[in-house]
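Here is a short report for a reader meeting this structure for the first time.

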Amino acid sequence: MKMLRILQIQHEVMWLMKITFLIAALMSSLLMPGFSQYRALGLRVKTDVPLDSIRLSDPFILADSNTATYYMTGTGGQLWKSKDLKTWTGPFTIIQHDPASWMGPQPMVWAAELHAYKGKYYNFATFTNRGQKIDTVKGNAIERRASHVLVSDKPDGPYVPMQDSIYLPADKPTLDGTFWIDQDGKPYMIYCHEWLQNWNGTMEKIELKPDLSGSIGEGRLLFRASDSPWSKEHDEAGNIVPNKVTDGPFLFRTQTGKLGMLWTSWVFDVYTQGVAYSESGALDGPWIHEKEPITPPNYGHGMLFRTFEGKLLMAVHSHSVSEDGRYIRIPHLFEVDDAGDKIVVRAPFQ
């Protein structure tokens with residue numbers, strides 16, 4: 001029972017980290033982008049905001065050459081814009097979901113990502129309907145949660161639903177879906193099956209339709225949380241074992257062609273990011289995990305992008321606790337070297 005309570009507390013900590021953006025997620029279901037809507041609700045779009053003044057979990061940055069603009073989104077689903085990565089304008093509401101769908105009228109939005117593909121822009125995001133319970137495992141009620149894809153003709157939206165209302169099984173809580181074109185030329189979503197249901201979080205893939213409007217077939221296992229050599233927790237007997245959490249996948253290739261995946265878990269109560277590499281060079285792996293984390297403690301949910309000048313950067317968020325007990329998450333950028341078979345995280349981007 002003690003171990004179960006510890007794991008429940010850990011889940012509550014993860015929940016509180018993202019709950020800061022619940023209000024933003026609710027706004028996303030009601031508003032269109034634009035300055036006027038924010039003024040009408042007493043909110044305002046701010047300009048010249050330094051990156052370290054933004055509170056944002058799971059940051060994802062799209063460097064769009066068509067508009068010469070950087071677009072940043074994340075948990076909450078809102079958007080920030082920048083020309084230089086130094087100062088930002090936002091937030092803008094860009095997501096229009098269907099309130100009659102399984103998401104309900106006011107879903108939470110986690111870990112939104114923006115991807116350009118074949119002339120359109122796609123928003124990969126996790127939606128949670130807290131009003132629907134799909135399972136109960138070890139005393140925990142499992143809420144309806146799933147990774148989903150929306151589409152727009154513009155990087156700043158609005159992003160709207162496509163043909164399929166469901167990409168992943170309704171009885172399976174999934175999160176943090178990301179996008180990848182594999183060696184077979186087909187598009188895939190890579191996502192996490194949440195540990196609260198399977199008690200050993202997994203990383204999985206599912207094929208997408210050519211226009212990303214739905215999924216094809218069933219998901220396939222890539223690896224389990226317990227495969228990690230660096231994540232840690234205590235089991236019911238007090239032994240140190242791999243953590244159960246899989247979080248925040250992001251796929252990349254080094255300049256030598258090596259396929260890698262960033263992903264995040266925990267080292268006891270420290271939010272931590274690791275990396276794995278595919279021996280086959282394809283999504284099916286096998287995936288070999290680096291023995292040590294790739295970023296400093298309390299940084300995670302990373303992604304990679306190139307600046308318009310060609311520099312490779314990693315966007316992550318830091319996790320800290322304020323004196324009043326609130327969880328604070330701030331976007332950060334690190335320079336990354338991908339010249340070899342493995343990436344190396346360098347100094348913070350200045």
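The largest nonpolar core holds 31 residues. Ile61, Trp88, Leu262, Leu304, Phe305 and Ile343 have the most contacts inside it. The model is a predicted one. Strand β21 gives the largest share, with five residues.

Now take Ile343. Leaving aside residues up to four places away in sequence, Ile343 touches Phe252, Thr254, Leu262, Tyr277, Ile294, Leu304, Met314, Val336, Asp337 and Asp338.

Next comes the sheet. Four strands form an open sheet in the order β20-β21-β22-β23, and their pairing is antiparallel. Strands β20 and β23 stand at the edges with a single partner strand each, so one side of each lacks a neighbour in the sheet. From one strand to the next, the twist averages 35°.

| Strand | Residues |
|---|---|
| β20 | 299–306 |
| β21 | 312–321 |
| β22 | 327–337 |
| β23 | 344–348 |

How many bridges join β21 and β22? Nine bridges link this antiparallel pair. Met314 has its bridge partner in β22, namely Phe334. Met314 is also one of the residues that Ile343 touches.

How values were computed. Residues are numbered from 1 along each chain as its sequence is written. This is a predicted model: local features need pLDDT of at least 70, side-chain atom pairs count only at pLDDT 80 or more; totals for chains, interfaces and linings use all residues. Side-chain values use heavy atoms; hydrogens and water are left out. Two strands pair if DSSP finds at least two bridges between them. Helices (H or I, at least four residues) and strands (E, at least two) are DSSP runs, numbered from the N terminus. Axes are lines fitted to C-alpha atoms, for helices over the stretch in contact, and angles run from 0 to 180 degrees between N-to-C directions. A nonpolar core is a set of buried Ala, Val, Leu, Ile, Met, Phe, Trp, Tyr and Cys residues joined through side-chain atoms within 4.5 Å. Buried means under 20% relative accessible area, exposed over 50%, partly exposed in between (1.4 Å probe, protein chains only). Contact means heavy atoms within 4.5 Å.
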